[in-house]
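Hi,

Here is the structure I said I would pass on. Have a look at it first, and my notes on what turned up follow below.

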Amino acid sequence: MHFLIVLYSRAMAVISRLTMKFISVPSPMIYSGAGSSAALCGAMGRFGYERVLVVTDRMLVELGLVGRVTAELEKCGVAVVIYDAILPDPDFLQVEGGIACCKSAGCDAVLAIGGGSSLDAAKVIAIGAGSEQTVRKMEGFFKVSDRGLPLYCIPTTAGTGSEATMVSVITDTATSTKCFIVDPKLVPDAVALDASLMTGLPPAITAATGIDALTHAIESSLATEATDETLKKSLAATAMIFRYLETAVKDGENLEAREAMAVASCYAGAAFTVTNVGYVHGLAHQLGALCHVPHGLANALFLPHVLDFYCDSAAPQMARIAAAAGIGDRTDSEQERAKKLVSAVRDLEQRIGVPTSCDALKPQMVEELARRALKESHGLYGYPVPKYMRRDECEAIVRKILPA
């Protein structure tokens with residue numbers, strides 16, 4: 001049975017590789033640095049938009065962060081409509097509500113302000129509001145028929161990299177599953193990586209979103225679909241995260257660290273939107289769906305354990321990642337350097353306060369979570385992982401994060 005799973009997954013990876021050769025993934029225009037959100041708003045004003053739908057969450061509105069950005073739009077004579085109903089792991093109802101709001105207000109562009117949830121929702125809202133395609137019809141790979149409304153993104157966390165990807169993840173609350181919409185038309189037109197909007201992010205969220213970005217970078221580097229171009233971005237992102245994440249967590253006002261993390265997150269997103277991810281994400285998506293664990297934290301829980309699993313067969317790739325991040329010595333063997341990478345990930349997570357277990361996970365959930373994770377990872381367009389995982393191996397990894 002394991003042989004058949006490996007054979008099927010390799011076949012899906014080949015299909016994915018062949019498909020991607022004919023798919024052009026656009027890159028958004030990027031404004032970077034403190035105050036870059038104002039520059040993006042100024043550009044939107046010059047583009048002649050009359051009314052912009054701002055997709056965000058209520059907390060950012062209450063904190064006044066959204067108002068700082070929308071004031072810049074209003075200075076340019078652009079009217080603003082706020083849609084702040086987005087919650088973590090946005091569902092179909094939230095997205096459909098945003099589409100209805102956008103259409104009824106007559107908005108001619110969409111601006112996402114927030115973390116990955118707001119960005120993911122805004123991508124689909126922009127498509128739905130500018131076309132007749134329903135959200136459910138978009139689900140899957142390359143099923144978006146129309147470009148939709150112009151989309152702009154201002155991430156307020158450095159983690160998901162959603163501002164650079166062609167992926168949106170929407171939750172189906174009826175089945176407690178994550179649904180994927182993947183299409184180049186989801187890539188935003190322009191992005192502002194404004195570190196000044198990230199300085200108030202709490203340490204725990206900074207830590208979890210930072211490890212989310214690290215997971216994207218590492219899984220992209222390990223992917224069998226990695227290219228010279230994606231490796232440049234993913235390895236650079238890894239190096240920046242190891243250098244700056246701890247500072248960003250412990251000194252949230254440090255603009256240098258915040259900006260480096262914003263750039264690293266975007267680099268990692270640009271890399272994995274081409275290569276795809278791996279088992280860490282397969283597991284994290286299902287932990288999030290079943291236990292409502294934030295995605296970044298879910299990735300952080302599983303990352304060191306999956307890297308342990310890879311050590312024996314992906315040592316050369318892991319050693320390359322370690323070298324890029326300055327981990328280990330030149331005299332180390334590839335196996336030694338790979339193990340030092342895993343230790344460095346564990347040490348970083350410990351220093352920034354990432355937990356090692358999930359209180360919401362129950363023993364009776366283990367088999368179902370593992371089944372779902374492998375179904376996602378080995379399914380159509382399966383993840384291009386360097387080593388294939390059996391059900392018992394997957395269940396063993398899930399048990400490692402059970403509460404003591």
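Aromatics first: there are 7 aromatic pairs in the structure. One of them is Phe47 with Tyr49, where the ring centres sit 6.2 Å apart and the planes meet at 80°, so this pair counts as edge-to-face. Bear in mind that this is a predicted model, so every number here is computed from it.

Another edge-to-face pair is Tyr279 with Phe309, since the planes are at 80°, with the ring centres 6.4 Å apart. Tyr279 is in helix H11 (residues 279-291) and Phe309 in helix H12 (residues 295-310), so the pair links parts that are 30 residues apart in sequence. Both Tyr279 and Phe309 are buried.

Phe309 has a charged neighbour too: Lys387 lies over the face of its ring, at 4.1 Å from the ring centre.

What does Ser265 touch, leaving aside residues up to four places away in sequence? The contacts are Ala158, Gly159, Thr160, Gly161, Glu163 and Ala213. Ser265 is part of helix H10 (residues 255-275), and with a relative accessible area of 1% it counts as buried, because the cut-off for that is under 20%.

Cheers

Conventions: Residues are numbered from 1 along each chain as its sequence is written. This is a predicted model: local features need pLDDT of at least 70, side-chain atom pairs count only at pLDDT 80 or more; totals for chains, interfaces and linings use all residues. Side-chain values use heavy atoms; hydrogens and water are left out. Helices (H or I, at least four residues) and strands (E, at least two) are DSSP runs, numbered from the N terminus. Buried means under 20% relative accessible area, exposed over 50%, partly exposed in between (1.4 Å probe, protein chains only). Contact means heavy atoms within 4.5 Å. Rings of Phe, Tyr and Trp (its six-membered ring) pair if their centres lie within 6.5 Å; planes under 30 degrees apart count as stacked, over 60 as edge-to-face and the rest as tilted. A charge sits over a ring if NZ of Lys or CZ of Arg is within 6 Å of the ring centre and within 35 degrees of the ring normal.
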